[in-house]
Every structure is written in structure tokens, then in C-alpha cells.
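Biologist: I'd like to learn how to read a model like this one. Could we go through it feature by feature?

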Amino acid sequence: LGLPWLLGAIYWTMAGPTDEWVSRNGAELAALYPSGGFIVQAGSLAYSVTVFSTGAFLCLGTVTWRGRLGYALGGPSKMFIAAFFVCLWLAYITLSIMNSSA
């Protein structure tokens with residue numbers, strides 16, 4: 001998040017308010033920020049935190065379970081577990097995109 005926001009802030013500070021910027025952000029924000037700027041409307045943080053926490057709980061639970069069996073990150077079925085972790089990450093990305101576009 002940091003780098004894209006930094007680049008957006010630099011771009012919009014240098015470019016100033018364009019007609020597109022004013023139409024996208026409204027006249028109220030154009031009056032509040034006459035020199036333009038990078039504006040991100042607040043969204044639902046609770047949804048993102050819930051989805052992330054569920055994925056984190058599943059990851060940590062899996063690593064703990066496998067650690068008790070004696071092979072936390074290695075051992076048999078390590079490719080299956082790696083695929084499971086990648087699927088959790090993809091699910092988080094997919095659910096976040098679906099939530100933001102709804």
C-alpha cells in the first residue's frame with residue numbers, strides 16, 4: 001500500500017486538479033483541496049480485517065498442527081500445504097476485490 005499511495009500523492013500534487021479529478025471527487029473536496037491531491041475514500045475496514053484474520057488463523061493453525069506432527073514447513077505433503085497457503089492468499093485477494101467493487 002505504501003508505494004502506490006506515495007506515487008499517487010506525488011502525481012496528484014504535481015498535476016493539480018484536473019476536470020477528471022474534480023468530477024471524480026466532487027465539488028466539496030475540490031473546494032477543500034484547491035491544489036488537488038490523492039484522495040482515497042474510506043471503506044469498510046471490518047470486512048478486510050475479518051477476512052485477513054480468518055486466513056491468518058488458518059495459516060497459523062496449519063503450521064502449529066504440522067509442527068506438533070514434527071514437520072512444520074517440510075515433510076510429507078509440503079506441496080499440498082504450500083498450495084493451500086497460496087489458495088488462502090488468492091481467496092483474500094478475490095474477496096477484497098469483490099467487496100470493493102460491490
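Biologist: Which residue just after helix 3 takes a positive phi?

Modeller: That's Gly70, with a phi of about 105°. Before we go on, some ground rules: this is a predicted model, so local features need pLDDT of at least 70 and side-chain atom pairs count only at pLDDT 80 or more, while totals for chains, interfaces and linings use all residues. Residues are numbered from 1 along each chain as its sequence is written, and side-chain values use heavy atoms, with hydrogens and water left out.

Biologist: How many helices and strands are there in the chain?

Modeller: Helices (H or I, at least four residues) and strands (E, at least two) are DSSP runs, numbered from the N terminus. Here you get four helices and zero strands, so the pattern along the sequence reads α-α-α-α.

Biologist: Which residues of helix 3 are buried?

Modeller: Buried means under 20% relative accessible area, exposed means over 50%, and partly exposed is in between (1.4 Å probe, protein chains only). In helix 3 the buried ones are Val51, Gly55, Thr62 and Arg66, and they pack against helix 4, residues 78–101. Take Thr62: its relative accessible area is 12%. Leaving aside neighbours within four places in sequence, Thr62 is in contact (heavy atoms within 4.5 Å) with Ile81, Phe84 and Phe85.

Biologist: What contact does the side chain of Glu20 make?

Modeller: A polar contact is a pair of N or O atoms within 3.5 Å; within protein, one must be able to donate a hydrogen and the other to accept it, and residues adjacent in sequence count only if both atoms are side-chain atoms. Glu20, in helix 2 (residues 19–32), makes one with the side chain of Arg24, at 2.5 Å. Glu20 is partly exposed, with a relative accessible area of 46%.

Biologist: How far apart are Asn99 and Tyr47 in C-alpha separation?

Modeller: Sequence distance and spatial distance are separate things to check. Asn99 and Tyr47 are 52 residues apart along the chain, and their C-alpha atoms are separated by 8.2 Å. Asn99 is in helix 4 and is partly exposed at 32%. For another pair, Glu20 and Thr94 are 74 residues apart in sequence and 28 Å apart in space, C-alpha to C-alpha.

Biologist: What radius of gyration does the chain have?

Modeller: That radius is taken over C-alpha atoms, and the globule rule is 2.2 Å times the number of residues to the power 0.38. A compact globule of 102 residues would come out near 13 Å, but this chain has 21 Å. Its C-alpha trace spans about 60 × 25 × 15 Å along the principal axes, and buried residues make up 15% of the 102.
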